Amino acid sequence: MYAVLRLPVAAGAAPVSVTLLQFNMCGNACETRFAVVADLERQIRDHAPQPYVVTLDEVCRGQYDRLVADLRYAGHFEPTIPHRCWDGSDYGIAVLVRTASVELAGRWPLPAPAGGEPRRLACVRDRDVTACVTHLDTDPANTASQVAAVAAHTGAYKRVVVGGDFNAPPGSPAMAPLYRAFREVGGGFTGGCSAARCGARPGWAHPTRKIDYIFGTFPEAAARTGDAPHSDHVPLWATAILG
C-alpha cells in the first residue's frame, strides 16, 4: 500500500501523481555486476506508474549507462570514490528522471572533517521538480557537517526530492537540519519486506538499521520497500502529488 505525498500545487495546475524510488545498489562491492541492474529494471517496468525520480547509491557508471539506455530515463551520474568498478567504469551515485531531458542543477563535494572517502551531492531538474542524490560517509564524525551541507544546498530549491543512504538513524541529532528543511518520506512505513530480509523493522531498506531516506517538500510522508536479491539494501518506494 502507498500513502500519497502532497506537494504544493500551483494555482490552476492539475495535480499529477508520481512515484519515487531510492536504492543503494551495492553495484560493485556485492559482485553481482548486471544482475542487480536486471532486478531494478524488472521492478521499474512492472510498477505502474514507473518511478518519476530514481536516486541510486553505490552504482557503477556502466550500470547507470545500461539503466538509461534500457529504461529511457534522463539523468546524471556523479563519480565519488576514486576507484574503478569491475568493468573499469567510475563508481558513484546517480539520479534518474523519467523525462526527455534534465539540466544539472548543481554538484558539490561534501565536507569531511574526520577524513575518509570522498562524498558528494548532485541535483538535476526539469520543469516539475529538482531531484538530488547523495551517499554520506559511514564515519559519524562526518555526519553532522555533511547533513548540514546537503540541507543547505537542496534547501535553496522550491520543489525538491532528496534521496540517499545517509548512514545515520532518524533519531541522530546530526540529521536535524534535514528534518527542519524537509519532510521525511517513510517516517511511518506502511509495509515492507520480511524481518528475515530487512531486519526487525519491516520498512527498513537495510537489514540492520534505518539509513535510507527520501526527503522532500511535502506535508505528508509514507513509503514502502521492495525487494532486491542482489544487493545488501532493498528499494525504498513512495508516491507523490506534484502540481
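Is R120 buried or exposed at 16% relative accessibility? R120 counts as buried at that value, where buried denotes under 20% relative accessible area, exposed over 50%, and partly exposed in between, with a 1.4 Å probe and protein chains only. The structure is a predicted model, in which local features need pLDDT of at least 70 and side-chain atom pairs count only at pLDDT 80 or more, while totals for chains, interfaces and linings use all residues. Residues are numbered from 1 along each chain as its sequence is written, and side-chain values use heavy atoms, with hydrogens and water left out.

Charged pairs are described next. Side chains of opposite charge can pair when their charged atoms come close. A search of the whole structure identified 10 salt bridges, a salt bridge being a side-chain nitrogen of Lys or Arg within 4 Å of a carboxyl oxygen of Asp or Glu. One of them joins E78 to R120, with the closest N and O atoms 2.5 Å apart. This pair links distant parts of the chain, since E78 lies in strand β4 and R120 in strand β7 (residues 120-125), 42 residues apart; helices (H or I, at least four residues) and strands (E, at least two) are DSSP runs numbered from the N terminus. E78 counts as buried at 1% relative accessibility. A further salt bridge connects D137 with R119 at 4.0 Å, N to O. Here D137 is in the loop between β8 (130-135) and α3 (140-154), and R119 is in the loop between β6 (103-109) and β7, 18 residues apart. D137 is buried at 5% relative accessibility, and R119 is buried with a relative accessible area of 7%. R61 counts as partly exposed, at 29%; its salt bridge with D90 has the closest N and O atoms 3.3 Å apart. R61, R84 and D90 are linked in a network of salt bridges.

The largest nonpolar core has 21 residues, a core being a set of buried Ala, Val, Leu, Ile, Met, Phe, Trp, Tyr and Cys residues joined through side-chain atoms within 4.5 Å. Residues with the most contacts inside this core include V150, F166, L178 and F215. Helix α3 gives the most to the core, with 4 residues. L178 is in contact (heavy atoms within 4.5 Å) with V147, V150, A151, F166 and F215, neighbours within four places in sequence being left aside. A second, separate core of 19 residues includes V37, L67, L96 and W237.

The structure holds 6 aromatic pairs, in which rings of Phe, Tyr and Trp (its six-membered ring) have centres within 6.5 Å; planes under 30 degrees apart count as stacked, over 60 as edge-to-face and the rest as tilted. The rings of F34 and W86 have centres 5.3 Å apart and planes at 75°, so this pair is edge-to-face. F34 lies in the loop between β2 (16-24) and α1 and W86 in the loop between β4 and β5, so the pair ties together parts 52 residues apart in sequence. F34 is partly exposed, with a relative accessible area of 26%, and W86 is partly exposed at 30%. F166 and Y213 also form an edge-to-face pair, 5.5 Å centre to centre with 85° between the planes. One aromatic cluster comprises F166, Y179, Y213 and F215.
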